[in-house]
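Hi,

Here's the structure I said I'd pass along.

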Amino acid sequence: MATVELRFSALPEHVRTARLVAAAVARRAGVDEAVLDEVRLAVGEACSRAVGLHESHDITSPVRVLLIEDEKKFSIEVGDGVSDHSGTSGAHGEAERAAESDAEGEDEMGLAVISGLVDDVEVTTGEDGGLIRMTWPTTTAATLP
């Protein structure tokens with residue numbers, strides 16, 4: 001099992017690099033050429049979501065991307081540093097509530113796009129942050145009996 005790890009500052013300009021690296025590693029892992037655009041788009045959505053979450057929660061840790069090549073599948077994990085306990089409590093101003101509502105709407109839209117692009121997707125949140133795991137079969141898996 002080969003793994004490539006990518007960490008980048010939560011800045012929108014780094015999302016393109018993550019997309020390019022993911023597509024290159026997916027191609028090398030044996031993901032069907034016809035699916036590579038979906039890989040690029042899904043990684044772009046997941047990384048953009050992570051960047052947005054980092055920005056909205058003032059998190060300075062990097063966004064984590066793992067590209068995992070198994071014998072029959074290729075997986076990408078995009079992790080953010082927003083734990084399920086990171087919500088703020090107390091009184092919020094109307095502008096802050098509106099901004100949080102907009103961020104949640106964008107978050108849901110990004111997850112919907114990812115779910116439309118990837119058949120095997122899992123979204124989890126824990127103490128260490130959120131994780132989106134996306135998996136595609138490789139051509140070696142398709143040719144095995």
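This is a predicted model: local features need pLDDT of at least 70, side-chain atom pairs count only at pLDDT 80 or more; totals for chains, interfaces and linings use all residues.

**The core and what surrounds it**

The largest nonpolar core has 31 residues, and the ones with the most contacts inside it are Phe-74, Ile-76, Val-78, Met-134 and Trp-136. Seven elements each supply at least two residues of this core: strands S1 (2-8), S2 (63-69), S3 (73-79) and S5 (129-137), plus helices H1 (15-29), H2 (36-56) and H3 (94-117). H2 gives the most, with eight residues.

For the overall layout, the protein has four helices and five strands. Going along the sequence, they come in the pattern β-α-α-β-β-α-β-β-α. Of the 145 residues in the protein, 34% are buried.

**Charged pairs**

How many salt bridges does a search of the whole structure find? The search turns up six.

- Arg-133 and Glu-77 meet through their side chains in a salt bridge, at 2.2 Å from N to O. This pair links distant parts of the chain, with Arg-133 in strand S5 and Glu-77 in strand S3, 56 residues apart. Are the two partners buried or exposed? Glu-77 has a relative accessible area of 14%, under the 20% cut-off, so Glu-77 counts as buried. Arg-133 has 21%, so Arg-133 falls in the partly exposed class.
- Arg-7 and Glu-5 also form a salt bridge between their side chains, with 2.7 Å from N to O. Glu-5 is partly exposed, at a relative accessible area of 47%.
- Glu-33 and Arg-27 make another side-chain salt bridge, at 2.9 Å (N to O). Here Arg-27 is partly exposed, with a relative accessible area of 43%.

**A negative patch**

On the surface, Glu-38, Asp-119, Asp-120 and Glu-122 gather in a patch of negative charge. Glu-122 belongs to strand S4, which covers residues 120-126. Its relative accessible area is 45%; patch members need over 30%, so Glu-122 clears that cut-off, and it counts as partly exposed.

**A backbone detail and a contact across the chain**

Which residue other than glycine has a positive phi near 50 degrees? That would be Asp-58. For context, most residues other than glycine have a negative phi, and most peptide bonds are trans. Asp-58 sits in the loop between H2 and S2. With a relative accessible area of 68%, over the 50% cut-off, Asp-58 is therefore classed as exposed.

Last one: the C-alpha atoms of Thr-139 and Lys-72 are separated by 7.9 Å, although these residues are 67 residues apart along the chain. Thr-139 lies in helix H4, residues 139-143. At 35% relative accessibility, Thr-139 is partly exposed.

Cheers

Definitions and conventions
Residues are numbered from 1 along each chain as its sequence is written. Side-chain values use heavy atoms; hydrogens and water are left out. Patches are made of residues with over 30% relative accessible area and no salt bridge: like charges are joined within 9 Å, nonpolar side chains (Val, Leu, Ile, Met, Phe, Trp, Tyr) within 5 Å. Accessible areas come from the Shrake-Rupley method with a 1.4 Å probe; for residues, only the protein chains shown count as cover. A salt bridge is a side-chain nitrogen of Lys or Arg within 4 Å of a carboxyl oxygen of Asp or Glu. Lys and Arg count as positive and Asp and Glu as negative; His and the chain ends are not counted. The place of a charge is taken as NZ of Lys, CZ of Arg, CG of Asp or CD of Glu. Buried means under 20% relative accessible area, exposed over 50%, partly exposed in between (1.4 Å probe, protein chains only). A nonpolar core is a set of buried Ala, Val, Leu, Ile, Met, Phe, Trp, Tyr and Cys residues joined through side-chain atoms within 4.5 Å.
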